[in-house]
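Student: Hi! Can we walk through this one together?
Tutor: Happy to, ask away.
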Amino acid sequence: MAILVTGGLGYIGSHTVVELLHNGFEVVIVDDLSNSEKFILHNIEEITGKRPVFYPFDLKRKELLAQVFDAHKIDGCINFAAFKAVGESQEKPVDYYENNLFSLINILQEFKSRNISNFIFSSSCTVYGQADVMPIDENTPLKLPESVYGKTKQMGEEILADFAKAYRRKISLLRYFNPIGAHPSALLGELPVGIPNNLVPYVTQTAAGIREKLSIWGNDYDTHDGTAVRDYIYVVDLAKAHVAALKKLMGHPEGETIIDIYNLGTGKGSSVLEVVEAFEAANNVKVPYQICNRREGDIVVAYANADKAAQELGWKSETTLEEALRTVWEWQKYLASRN
Ligand code: NAD
Ligand code: WQD
C-alpha cells in the first residue's frame, strides 16, 4: 500500500513523510526540488530508518508521472507540490496557475483512469480572506482571495470536489493556518529562499544576525496590542493531521463520494509582538525590531475553530507556540552548521 506524496521533500511534506513512515505506510515521493533539497531525503532516512522511493521530476511531465503509477500500486496521494509565494504569484500568475493546477490535474487524470481514490489536498486559510467572525470554522463563507496563489488553492478545492462527485472518489481538503516550527531532531524544517516573507523565518534570521531588524507591518490594527493576529500551528502536529485524515478516508469503502474539509490550526490567535516575545523567551535571544507601515493586502485577524478535526479525526494541536519556536532555533543552528 503506497502513498504518493508530491512535494514530499518540502517543508510540510517532509514532516508528513516521517509521520507516514512511523505509521507503517509505504511512501513514494515526487518532488522536482524547485523549492527543496536532496539532503532532506537522507535526513528522513536518518529519523525513520527508512528510505522512501524518490522521483525527482516536475509533475507537469505527464509521461513520467504515468511511469510512477505503472511502477507502484498507489492507494492514495497527499499533494503538497505547489508554488507558495504570495507576492511572486502576483508577478508570475501564469506560472502559478500552470504549476499549481496542471500538476493537480495530471495526478487526477491518473487517479481517474486507474480508479484510485483517497486524495488529500494542501489548502490554506487564505480561502477565507478576512473572515467577518472569529474563530473561523469550515462553514465560514469563502472569499475570492486577493492573490493568484490563493486563487489556485480555491480553484484546486473546486476541481477536487467536482472530481470526487463525478467519479465517486474520496478527498480531503486541509486548510492550514500558519505552519511553523521544525522537526525535534532539527533535521527537517523550512528552507526559506532569499529574504523571507513569512514572520517566523524572518524572526529567526534576525535573531541569527542574518537580518538586521524585523519590520513589524503595522501596530495600529484593532487587536489587543495593535499588531496582526494569526493562528500558528506546529508543523509536526500538522503532519500528524494528514495521517489522521488519510486513515479516515481509507476507512470509507471505495466507490463512496467523500468530501472532507478541515481547518487545521490551534484555535488560538497570537499577535506579531507575541510571536517575537515567545521566540525571545523560548530561545533566550533578542529579536531587534522596528514598527513599519501596514503590509498591503494583509488581513488583520485569522484563527481557526478546529473542533471538526478534533471530533472527526481525533486530532488536536498539542505543541505550544514557545515549544514550536524552540525547534525553529535548533533548525537554524543546524543549517548554520552545514554552511
Ligand atoms: P514547500 O515549497 O516547502 O514544498 C513544496 C514542494 O513541492 C517543494 O519541495 C517543491 O520542490 C515541490 N514542487 C513544487 N512544484 C512542483 C512540481 N510541479 N513538481 C514536483 N514538485 C514540485 O512548501 P510547503 O510550505 O511545504 O507547502 C506545502 C503545501 O502546503 C503547498 O501546497 C502550499 O501551498 C500549502 N500551504 C502552505 C502553507 C505555508 O505557510 N507553508 C500554508 C498553507 C498551505
Ligand atoms: C504573519 C504576520 C504580517 C513578516 C501567508 C500567506 C498565506 C498562508 C500563510 C499559504 C502578518 C506579519 C510578517 C514580517 C511582519 N500561506 N509580518 N513582518 O500573512 O498570515 O500569510 O502565509 O497558504 O496564504 O499569505 O503569514 O507569516 O507572512 O505573516 O510583521 O517580516 O506577520 O504582517 O501580520 P500570513 P506571514
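Student: Which residues does Leu104 touch, if I skip those up to four places away in sequence?
Tutor: With those left out, Leu104 touches Asn79, Phe119, Phe121, Gly156, Ile159 and Leu160. Keep in mind that this is a predicted model.
Student: Thanks. And where does Leu104 lie, and is it buried or exposed?
Tutor: Leu104 lies in helix H5. Its relative accessible area is 0%, and buried means under 20%, so Leu104 counts as buried.
Student: How far apart are Leu104 and Phe80, in sequence and in space?
Tutor: They are 24 residues apart in sequence, and their C-alpha atoms are 9.7 Å apart.
Student: What lines the largest cavity?
Tutor: Its lining consists of Asn79, Ala81, Ala82, Asn100, Leu101, Phe121, Thr152, Lys153 and Gly156. H5 and H6 are the elements that give two or more residues to that lining, and H6 gives the most, with three residues.
Student: How do the lining residues divide into nonpolar, polar and charged?
Tutor: Four are nonpolar, four are polar and one is charged. Asn79 and Phe121 are in this lining, and both also turn up among the contacts of Leu104.
Student: OK, the sheet. What is the strand order?
Tutor: It is an open sheet of seven strands in the order S3-S2-S1-S4-S5-S6-S11, and the pairing is parallel.
Student: Which strands stand at the edges?
Tutor: Strand S3 (53-55) and strand S11 (258-264) do; each has a single partner strand, so one side of each is left without a neighbour in the sheet. From one strand to the next, the twist averages 20°.
Student: How many bridges do S4 and S5 pair over?
Tutor: Strand S4 (residues 74-79) and strand S5 (residues 119-124) pair over three bridges, in the parallel sense. One bridge has Cys77 with Phe119 in S5 as its partner, and Phe119 is also touched by Leu104.
Student: Which strands does helix H8 touch?
Tutor: Helix H8 (residues 235-251) packs on the sheet and touches strand S1 (2-6), S4, S5, strand S6 (170-176) and S11. The direction of H8 makes about 160° with that of S6.
Student: What is the phi of Leu33, and what of Asn115?
Tutor: Leu33 has a positive phi of about 65° without being a glycine, and Asn115, also a residue other than glycine, has a phi near 60°. Most residues other than glycine have a negative phi.
Student: Where are they, and how exposed is each?
Tutor: Leu33 is in the loop between strand S2 (26-30) and helix H2 (39-48), and is partly exposed at a relative accessible area of 29%. Asn115 is in the loop between helix H5 (93-114) and S5; it counts as exposed, at 60% relative accessibility.
Student: Last one: is Glu190 buried or exposed?
Tutor: Glu190 is buried, with a relative accessible area of 16%. Its place is in the loop between strand S7 (178-180) and helix H7 (199-207). Leaving aside neighbours within four places in sequence, Glu190 is in contact with Tyr11, Lys84, Asn198, Pro201, Trp331 and Leu335.

Terms used
Residues are numbered from 1 along each chain as its sequence is written. Chains are lettered from A and ligands numbered from 1 in the order in which they are written. This is a predicted model: local features need pLDDT of at least 70, side-chain atom pairs count only at pLDDT 80 or more; totals for chains, interfaces and linings use all residues. Side-chain values use heavy atoms; hydrogens and water are left out. Two strands pair if DSSP finds at least two bridges between them. Helices (H or I, at least four residues) and strands (E, at least two) are DSSP runs, numbered from the N terminus. Axes are lines fitted to C-alpha atoms, for helices over the stretch in contact, and angles run from 0 to 180 degrees between N-to-C directions. Contact means heavy atoms within 4.5 Å. Buried means under 20% relative accessible area, exposed over 50%, partly exposed in between (1.4 Å probe, protein chains only). On a 1 Å grid over the protein atoms alone, a cavity is a set of points where a 1.4 Å probe fits but cannot get out, and a pocket is an open set with protein on both sides within 12 Å along at least five of seven lines; lining residues have an atom within 4 Å of a point. Ala, Val, Leu, Ile, Met, Phe, Trp, Tyr, Cys and Pro count as nonpolar, Asp, Glu, Lys and Arg as charged, and the others, Gly among them, as polar.
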